[in-house]
Every structure is written in C-alpha cells, then in structure tokens.
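Here is a short briefing on a protein model. Look over the sequence and the structure, then read the points below.

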Amino acid sequence: MRVPADPARAFEAFTQDIALWWQPDPLFRITPHGDGTLRFEPGLHGRLVTRLGNGETFEIGRILVWEPGRRLVFVWRQASFSPDQSTEVEVRFEPVGDETRVSIEHRAWDTIPPEHAARHRFPEPVTLQRAANWWRASLAAFKERLAD
Amino acid sequence: MSAHGLDRTLAALADPHRRRVVDLLRERPYRAGDLAQAARLPFPTMSRHLKTLRQSGLVEEDRDALDSRVRIYRLRSEAMAELRTWLAETDAMWARQLTSFKAHLQKSRK
C-alpha cells in the first residue's frame, strides 16, 4: 500500500494516530468488549494497548522493534488467545519517490512457552522468518494441490 | 473458526521436525518407521512427534491393510485449510486497515 507521506511521517501517523484510523473488524475482535481505542506506547519495549468502553485497558502486545521511518514489530494477542498463543505483526516503511510503501506481515508461527518468554523480548529474526516462510510456502503449495 | 484448533495447529508446527513430517506427508502417506528414517530420528522420538501432530488434527493414523501392527500416517486437509483461512482473513483485515490508514494520511495532508 502506497501512502502520501514520507517514511518518517508515515511511521509517526501509523503509531501516534492509530486511534484515528483503526477500523474495528467483526472477524478480528480484539476483545469481547470490542476493539476500544488503540494506542502505541512509543519506543522499544513499549506496548500496544487499547482502552475499552468500560474503562479497562487491554494489552495487545509488546513492541519488539521500533525503528522510526523503517520498521515496526509488535506482538499481537487477542483476548480470545490462550495464554501461550502469540502472533507477531511486522510493518515496513519503504520510500517510493516522496511517498511510502507500507507493508504488513502478520505471522503466527508458534506458541511460546512461558520459560521462553525472553525470546519474546529478544526475538531471533532468522528463526521466526524461516518459520513464517515455511508457512507461506507450505500453504501456497497446499492450495495448488487442492486445486489440482 | 475455532481458535483452539488453530492454536494447537500452530503449536504442532512450531517444531522443525514436525514441519519436516508435514512436508513428507504432503507427498504421500508414510509408515511411522519410514518417517523416522526419512527424518533421521529415533523411532520413539518420531512417535512423540506423531502423537502431537495427531492431537493437533494435522495428521491421521490408519492401520496397514496387510499388517495391522503397522501404522500409516497421512495429512488431514482440514487443519491446513483452517490455517489458510486464518491467513486469508488476517491479510484481508490488514488490507482494510491500511486502506483506512491511507485515507487518514490523505485527509491530514489537506
């Protein structure tokens, strides 16, 4: 998706204005009480949280990578997830002329045992990427096979 | 979509040996012993992995028609289809979010 802003501005708007552009999605309800008002706590180890109509705050996940104007990675957990289930969202910002290409990859590679929580804060990008690639390739191959 | 089923599928696929098994089974059904050999794992280790895969619904087990002591494993398409649905829904959701994000930037630039 190309957006009319330079990467620095796009990153800023993505993170600081999320409450303004976020669209609640019936299939992906963050909590049973709705999506609420989303907010990034800026910086590495900050959080993506949402304030619900009933005044409660729900933590969607920790920020794993915070590179303004380039890359943002955060943990994504909906209220319906079991305690050890976790997914990860990566957002990339690439300059295209005076605009920015924003791409999002939502990876669900794993469940993370509590004793490996450290891996959460210090992810091993290669491992995660490999698992994510396997997934996509595997599912694409599977789809072709079903189409045969 | 059952969040629990997806959860178990993800957990089952978290292990590289189990992904290897799924890769092998994508070609054809295998006997447990042949899977252990192909993946270069001791038989008891492979049995444990197969149990996890079976519980997740990714594979199913049959008895060999000629020798009922031999178990044959095959991939179940339902669990993979569920994963694919989840991915497609997730992609669609983020596509809508990005469209909204773009509209927001267009508005704020004016």
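Accessible areas come from the Shrake-Rupley method with a 1.4 Å probe; for residues, only the protein chains shown count as cover. By that method, chain A exposes about 7600 Å². Carbon and sulfur atoms supply 52% of this area.

This is a predicted model, where local features need pLDDT of at least 70 and side-chain atom pairs count only at pLDDT 80 or more, while totals for chains, interfaces and linings use all residues. Residues are numbered from 1 along each chain as its sequence is written, chains are lettered from A and ligands numbered from 1 in the order in which they are written, and side-chain values use heavy atoms, with hydrogens and water left out.

**Layout of chain A**
- Chain A has four helices and seven strands. Helices (H or I, at least four residues) and strands (E, at least two) are DSSP runs, numbered from the N terminus.
- From the N terminus, the order is β-α-α-β-β-β-β-β-β-α-α.

**Burial**

**Nonpolar cores**
- A nonpolar core is a set of buried Ala, Val, Leu, Ile, Met, Phe, Trp, Tyr and Cys residues joined through side-chain atoms within 4.5 Å.
- The largest one has 32 residues. A:Phe14, A:Trp22 and B:Phe101 are among those with the most contacts inside it.
- Helix H5 (77-109) of chain B gives the largest share of this core, six residues.
- A second, separate core has 23 residues, including B:Leu13 and B:Val59.

Technical notes
Buried < 20%, exposed > 50% of the residue type's maximum accessible area, 1.4 Å probe, protein only.
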